[in-house]
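I opened my notebook for a friendly look around this structure. These entries follow the order in which I looked things up.

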Amino acid sequence: MIHHLFLPLIVPLFGAGVATIISRRQLWVRVIALAATLFNLGYGIWLLVTIATAGRQVTQAAGWVAPFGITLMADGLSAIMLALTALLTLVTIMFSFVTIEARQERFYYYPLLLLLMFGCSGAFLTGDLFNLYVWFEILLVASFGLITLGGSRAQLEGGLKYVVLNLFGSLCFLVGAGLVYGVAGTLNMAHLAERLNTVQQPSLVTAVAGFFLVAFGSKAALAPLFFWLPASYHTPSIAVTALFGGLLSKVGIYALYRVFGTVFQRELTWLAPLILLVAGVTMVVGVIGAMAQVNVRRILAFHIVSQVGYMAMGLGLAGTVGLAAGILFMAHNIVVKTALFLIGGAAEHLTGTGELKQMGGMARREPALAVLWLLASFALVGIPPLSGFFGKLGLIQAGVAREQWLIVGVAAGVSLFTLFSMLKIWNEVFWKKAYSDMSHLPRAGVGLLAPAAVLVLVSIAMGLGAAPALEYSTMAAEQALDTVGLVRDVCGADGCDAVELAVAR
Amino acid sequence: MLVLIVLTALLMAPLGLFARHESRPVVGWILALIPLALFVTISALAPTVLAGGRVEQAIPWVPRMGLELRFALDGLSLLFALLVSGIGTLIVLYTAYYLAGDPGMGRFYLTLFIFMGAMLGLVLADNVLTMFMFWELTSVSSYLLVGYKHDYPSARRGAQMGLLITVGGGLALLVGLVLLGNAAGSYTISEILAAGEQIKASPLYTPAMLLIFAGCFTKSAQFPFHFWLPNAMQAPTPASAYLHSATMVKAGVYLLARLHPTLSDTPLWLYTLTIVGMTTMLIGAVTANRRDDIKGLLAYSTISKLGTMVLLAGMGGPEAPAALVATILAHALYKGALFMLAGAVDHEAGTRSLSQLGGLRRAMPWTAALAILSSLSMAGVPILFGFVAKEEQLYAAVDNGLPPGFDILVLIAVVTSAVFGVLYSWRLVSGVFFGPRGSGMKEHVHEAPAGMLLGPALLTTLSVVLPLGLLPATATLLQPAVNAISNEGAKISLYLLPSQIGLPLILSMTALLIGAVLTRFEPQIVAAPSPLPPWLNGDRIYDAAVDGVLRGATIFTRTLQNGKLRSYMTWAVLTLVVVVAPPLALFGFGGLALPTLDGVEPFEFVSALLIPIGIVATLNARSRLGGIIAASFVGLMVAFIFVIYSAPDLALTQLLVEILTTVFLVLLFAVMPASFERLSSPSERSRDGLIAVVAGMVIAGVAFAASSVTQVPNISAAFRTESQSQGFGDNVVNVILVDFRGFDTLGEIVVLFTALLGIYAMLRLRPVADPTRDDEETPLQPTLPEVAALLGNGQAGQPAPREREAPVAGKGH
């Protein structure tokens, strides 16, 4: 009997394998992709409920007791990310049905999507630092495959920058993992959390933690490590951009939360001012970048950078309230960002270009699309009662409680510029008169609108249901910072050292 | 009940969409039932409030954030709620005629109802966060209404300007409210007010208040943010009349009045509001006289009156609260009417320009009569309600709470604005309805439809009737509002003629007289230079700011995101050094012995030494092939080290990867020029070299330190004991790879599998160059530039552009 935590990994992996083998049978490949994703979504929702009632879920790969084997574990944060990953993959697949070229489908588009979901899900479920590295590798390679799928020149250029800069992040991760093994003699997160709090060389551990900060900061696209993101996100097909936009950088944020929440919890208090500084700079630089753009996807890509700063702010506030707000903000942002890419992408798909200058007239021609855009973009800006407001309010409240005035001011101020560049898209794509005669262009069908509509509905639900969402993210934050509980759940009541000593003797 | 009132408007909003398919006025009559029902419901609650009671209702929402749907109806809320729903009813009716036949009418009604619900929520909220939510919602609905005619760039600009300024202020307000809530320990307004003394003693008081002021000033169009309001006149007139005159722009004043009871008696409050209010009042009054567009004139007169209200909220004194309440009511009555009448004129005559209008009293007698009466009220001419309110203002100004010297200044300012008020009222009436027939009007101008005149007629009637015998009743109605603003038991007593002739009446009459005289000099005053220096033109500053921000952002981004991978790499490596080096320096290596060469096998020594040589060789390689060989040399040495440490499977993997990489690179390089091209300058190269060396030293330092200080037992000891007994293998590395950590190995296999899929697709799936050809069969050769791009800065025969990531493009609006 396998433990349930393996299911969301096995299903997409097998799905990817089978879909690769029968890659020419379009219908079946689509069915497999859809089924695997639906399974993961259902599992994710089940896991959300299970963790709320039964707490952290833990199992050991191949049955080796922790800390010797590889631990799989899921807490509130993992469950949120797992469910959102599946949701995002699901809408992406739905959107792909109507937008992806058939030849890309034949060249393993859906298997790569499933492998990406596999990699992300694994990253959210592992309790082992090196194993996390492996999952990052999988999702890096899968995402590189998706970025370059289609083989256009722009894609290859973007893909090159994407892969080289991300490999640098991976390198830092790998070096950090080696160093942490050197210092603490283990790779299991629970075991590390237990040991690193007793290591006598705090500044050395801080230096090692620095490698992880750079590694995950690079994956999360924090300043000044974000260059790969705006360089590559506008090049692949719209569906891929939408999925990446919502998901990839947040895996980096997840890793920051996970690793600095427990493993380097003591270092977090040291590094918090640095993280807040980086968060503020990221918010500002990202939004400035967005203002300079004149292409829908490029604007949105820079906004990812800006908003990742808010999530880093949640970590930098170094406490349950801040982290809870950060998680809430991240969950909102994952949904809304992908929605925006899908809506902007639908407009791009219909118009045939994403250059603002050559677009227009969408408010009259596609009012449903316009309404979706308004809702999603105001949610992004943080206009209440849409979902973005609550994450931002939580961050501001936590910042005020910590008397971190500067970051509070930056977080509030950046919203205004976010609004500004969202209005730019609204003005140019929706309100402006059409650039050219649009009567021959296709109309948006249900297939094009439904994926974004699903996400917008989720965003609205997260706003109106902010109370349970916040309760859940608070629980998730408490779990993510609960070193004692982690060690107990993974290694037993006596701790990991006790297990190890028993074996060594 | 209060929640129901707010939700009704919001949830009924989609009913407005019925007007999409049915644009006859009858839809308006039916839709007007919604605000009418709200008006009646609120009126039904009035007796409780008039009896000194308070209606409250609270629904928890997000308790952890202190966000609660808490509503309370007191005198101040009652006044605003009645204005919002009452004028709202008239506006809905008016719209039915004003926008008759317009296909966008459904959208207009939808937004209007959302606004109405938001505005009701704003004035009824008893929780600052709830209030803020509705505050933002009014900004957003205002945006959509101003941009209603979004085909016109001016409408888009006006809408965007209004939204940016009010949301910008709103963000300040949000932070201010959170600070206020922190200082008070609660977000409930009544509790915040109860904690007034505690808040004033808190260091958070000043920043909180300044931020809240920023929110109020932007929303209520106070100097220097006032300029968005005239630009918002791009909205269809019903929206201008409703949002930008009668209700939304008073939200800032409302909040100031709301916080007034216990937070106002500080110099900060007194001086900030007095100075800003006074400045706005004067600038608005003067500028209104320089406007040619009648909606622009009305907008500036609104700004002036909003300034008066802020002044009244700020200056203190026993009469100020009563004057504030009276001014709010008077302004809503006459300005609402005048806007709707201006819309009627625009609708019938086809222009809003004073220089093109004239002599309309014959063609539009009813409109003229109503406009004249409301303008007289605006001018503060006796027996109209505007006069009564002005009396109150002067009373308050005479008896204000300001220090000597400053109090006279305020009094003079109030009188001056009254003088200019007479003048712009005169300009409006004489310019539109008297004089010769205007030049730019439609051929045949008719009276506006009765439905359009109904609302103005009702409001004008109130302006006329209230002073004629209903003043005591009005005072009774307004007293609870005064109570809500003042905690010192201020009383409101309205009268048409004071029992004795005092200074206020004399000043009022003087103002009328001077105003009347000044009407003779209208042309000179209209042509007079602006009181503000040209650089202080809000419109121009806004445009310059938008332009400057875009330009700055473009330059900044182009410099940073410059498309050069090598520059990105420099940032990345530099970041690593900056983050890791300081703690390492703090660590300081104190007491750590330098590593000795004892026990180092010759093999290890040689291979370790060969690695740097390989790196140097790679860097110095002149040809691609040389570079590849030198680089693969490094990889082979690493594999060799694995062999030394008895990890044959790792070494094998490394060897395979190395060989594959080399083959792949050689294949690709076969189609590229054999030699490298130098793209960076020598100084850049030495800078990058320095960074690389420092980074290498930092990593080596951390690695050395990490391996020297280990005090905790390493789990590899346990692995050694376990691998034989449990894993049944002699080689620990083997057992770790396939058993203990077999899960990692599974992952790595998937990495290889995924890479295969990606590479296969990359090699076989080419972009469609020629639609007639089956692209799957396209061989590798014709896509050299792509391959070159993949591998960086090479060229494929022709001089390729140096940087292929398109630089970020220029500005756009």
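**Entry 1: empty space.** Before counting anything, I settled on a meaning: a cavity is a set of grid points where a 1.4 Å probe fits but cannot get out. I also noted that I am working with a predicted model. Rolling a probe the size of a water molecule over the atoms shows where empty space is left. With that rule in hand, I counted nine cavities of 30 Å³ or more.

I then turned to the largest cavity, which holds about 130 Å³ of space. I found 18 residues in its lining, and those nearest the centre are Lys305(B), Tyr334(B), Met378(B), Lys390(B) and Gln393(B). In chain B, α16 (320-349), α18 (365-379), α19 (385-398) and α20 (406-433) each give two or more residues to this lining. Which element gives the most to the lining of the largest cavity? I found that α20(B) does, with five residues. Sorting the lining by class, I got eight nonpolar, eight polar and two charged residues.

Entry 2: Next I looked up the second largest pocket, where about 1,800 Å³ of space lies. I noted 49 lining residues, with Val371(A), Leu110(B), Thr111(B), Ile114(B) and Leu144(B) closest to the centre. From chain A, at least two lining residues each come from α15 (362-365), α16 (367-381), α18 (405-431) and α19 (446-464).

**Entry 3: chain A as a whole.** I counted 22 helices and two strands in chain A. Its radius of gyration is 22 Å, close to the 23 Å that the globule rule gives for 505 residues, so chain A is as compact as a globular protein of that length. Along the principal axes, I found that its C-alpha trace spans about 80 × 55 × 40 Å. Of the 505 residues in chain A, 75% are buried. Looking at contacts between residues at least 6 apart in sequence, I saw that 82% join residues at least 24 apart. The accessible surface of chain A comes to about 13,100 Å², and carbon and sulfur atoms hold 68% of it.

**Entry 4: chain B as a whole.** Here I counted 34 helices and two strands. How does the radius of gyration of chain B stand against that of a compact globule of 813 residues, and what are the two values? I found 38 Å for chain B, while the globule would be near 28 Å. The C-alpha atoms of chain B fill a box of roughly 115 × 65 × 50 Å along the principal axes. I noted 55% of its 813 residues as buried. For contacts with a separation of 6 or more in chain B, residues 24 or more positions apart account for 79%. Chain B exposes about 32,800 Å², with 69% supplied by carbon and sulfur atoms.

**Entry 5: backbone details.** Most residues other than glycine have a negative phi, and most peptide bonds are trans. With that in mind, I went looking for exceptions.

- I found a cis peptide bond between Ala223(A) and Pro224(A), with omega about -5°. Pro224(A) sits in the loop between α9 (202-220) and α10 (228-232) of chain A.
- I found a cis bond between Pro384(A) and Pro385(A) too, with omega about 0°. Pro384(A) is in the loop between α16 and α17 (387-401) of chain A, and Pro385(A) is in the loop between those helices.
- Is Pro384(A) buried or exposed? I put Pro384(A) down as buried, because its relative accessible area is 1%. Leaving out residues up to four places away in sequence, Pro384(A) touches Phe389(A), Phe132(B), Met133(B), Glu136(B) and Leu137(B). I also noted 9.6 Å between the C-alpha atoms of Pro384(A) and Leu464(A), which are 80 residues apart along the chain.
- Ala62(A) has a positive phi, near 60°. I placed Ala62(A) in the loop between β1 (57-60) and β2 (71-74) of chain A, and it is exposed at 62% relative accessible area.
- Ile383(B) has a positive phi of about 70°. I placed Ile383(B) in the loop between α18 and α19 of chain B, where it counts as partly exposed at 41% relative accessibility.

Key:
Residues are numbered from 1 along each chain as its sequence is written. Chains are lettered from A and ligands numbered from 1 in the order in which they are written. This is a predicted model: local features need pLDDT of at least 70, side-chain atom pairs count only at pLDDT 80 or more; totals for chains, interfaces and linings use all residues. Side-chain values use heavy atoms; hydrogens and water are left out. On a 1 Å grid over the protein atoms alone, a cavity is a set of points where a 1.4 Å probe fits but cannot get out, and a pocket is an open set with protein on both sides within 12 Å along at least five of seven lines; lining residues have an atom within 4 Å of a point. Grid points are joined across faces, edges and corners, and a volume is the space filled by probe spheres set on the points. Helices (H or I, at least four residues) and strands (E, at least two) are DSSP runs, numbered from the N terminus. Ala, Val, Leu, Ile, Met, Phe, Trp, Tyr, Cys and Pro count as nonpolar, Asp, Glu, Lys and Arg as charged, and the others, Gly among them, as polar. The radius of gyration is taken over C-alpha atoms; the globule rule is 2.2 Å times the number of residues to the power 0.38. Buried means under 20% relative accessible area, exposed over 50%, partly exposed in between (1.4 Å probe, protein chains only). Contact means heavy atoms within 4.5 Å. Accessible areas come from the Shrake-Rupley method with a 1.4 Å probe; for residues, only the protein chains shown count as cover.
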